Amino acid sequence: DKQYALSSLNITDAAAIPVAKTVFVSKNGDDAAGLVERLDKPFLTNAAARAALLAFYTGPNAPSVTNRILVKVFSGDWTEGIVLDNFVDYDLSNSTFNLGSTAITDSGVSVNANIYGSARITGNDATLITGAASAVKIYCSFINRINLASAGGSLDVFCPNLSGSAAQGAIDICGGTLTIH
């Protein structure tokens, strides 16, 4: 039998888990220590992950129709909104997003983006919105008290459970194309 001395193993290198074209966000992440394409170095917030991926993927590596980037948000209870970017997709796992009055938005910039997972998305006047020429698809398990608005682009929602209240419905159409599947 071969025996290996533990002292010769570099624990830091052994723990490095690179995953191409992916940025990770986790409740135990760290915005200061998070690294793009590293499963073992997740960010704590969507905002920090977004800033890092926009700085990392530039020039010929910039997100494109043939070079989509994935932001993998691990399960948890989240209150932070998400700003979508062109050809950057989000996997929200089975998280709960209680957005309050924050938003999942493209900030008025045309994007092609997908939101995957079986997340529960809830809010109080929160908005899932697409701009004039955006094409956004949302796959989730539950949407409650969220304005789904498409201001000229297309928003496809694949969600078996949409609900609202008498004061606020689940759907608000403001032009564009909104398709519920």
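A residue is called buried when its relative accessible area is under 20%, exposed when it is over 50%, and partly exposed in between, with a 1.4 Å probe and protein chains only.

The model is predicted, so local features need pLDDT of at least 70 and side-chain atom pairs count only at pLDDT 80 or more, while totals for chains, interfaces and linings use all residues. Residues are numbered from 1 along each chain as its sequence is written, and side-chain values use heavy atoms, leaving out hydrogens and water.

I begin with the chain as a whole. The protein chain has two helices and 14 strands; helices (H or I, at least four residues) and strands (E, at least two) are DSSP runs, numbered from the N terminus. Of the 181 residues in the protein chain, 40% are buried. The chain exposes about 8900 Å², and carbon and sulfur atoms supply 55% of that area. Accessible areas come from the Shrake-Rupley method with a 1.4 Å probe, and for residues only the protein chains shown count as cover. A contact means heavy atoms within 4.5 Å. Among contacts in the protein chain with a separation of 6 or more, 35% are between residues 24 or more positions apart.

I turn now to the aromatic residues. A pair of aromatic rings is described by the distance of the centres and the angle of the planes. Rings of Phe, Tyr and Trp (its six-membered ring) pair if their centres lie within 6.5 Å; planes under 30 degrees apart count as stacked, over 60 as edge-to-face and the rest as tilted. The structure holds five aromatic pairs. One of them joins W78 and F97, whose ring centres are 6.3 Å apart and whose planes meet at 20°, so this pair is stacked. It links distant parts of the chain, with W78 in strand β3 (residues 77–78) and F97 in strand β6, 19 residues apart. Are these two residues buried or exposed? W78 is buried, at 3% relative accessibility, and F97 is buried as well, with a relative accessible area of 0%.

Another stacked pair is formed by Y139 and F158, at 4.4 Å centre to centre and 10° between the planes. This pair also links distant parts of the chain: Y139 is in strand β10 (residues 135–139) and F158 in strand β12 (residues 154–158), 19 residues apart. Y139 is partly exposed at 27% relative accessibility, and F158 is partly exposed at 25%. Together with Y116, the residues Y139 and F158 form one aromatic cluster.

Rings also have charged neighbours here. A charge sits over a ring if NZ of Lys or CZ of Arg is within 6 Å of the ring centre and within 35 degrees of the ring normal. The charged end of K27 sits over the ring of W78, 4.2 Å from its centre. Likewise, R120 lies over the face of F142, 4.0 Å from the ring centre.

The next topic is charge pairing. Side chains of opposite charge can pair when their charged atoms come close. A salt bridge is a side-chain nitrogen of Lys or Arg within 4 Å of a carboxyl oxygen of Asp or Glu. How many salt bridges are there by this rule? The count comes to four. One of them joins R50 and D85, at 2.6 Å from N to O. R50 lies in helix α2 (residues 46–56) and D85 in the loop between β4 (82–83) and β5 (88–91), so the pair ties together parts that are 35 residues apart in sequence. R50 is partly exposed at 25% relative accessibility, whereas D85 is buried at 12%.

A further salt bridge is formed by K72 and D91, with the closest N and O atoms 3.4 Å apart. K72 is in strand β2 (residues 69–73) and D91 in strand β5, 19 residues apart, and the pair links distant parts of the chain. K72 is buried, with a relative accessible area of 18%. R38 and D40 form a salt bridge too, their closest N and O atoms being 2.7 Å apart; D40 is partly exposed at 25% relative accessibility.

Finally, the backbone. Most residues other than glycine have a negative phi, and most peptide bonds are trans. K21, although not a glycine, has a positive phi of about 60°. K21 lies in the loop between α1 (11–15) and β1 (22–25) and is partly exposed at 36% relative accessibility. S93, also not a glycine, has a positive phi of about 50°. S93 lies in the loop between β5 and β6 (96–98) and is buried at 11% relative accessibility.

Thank you for your attention.
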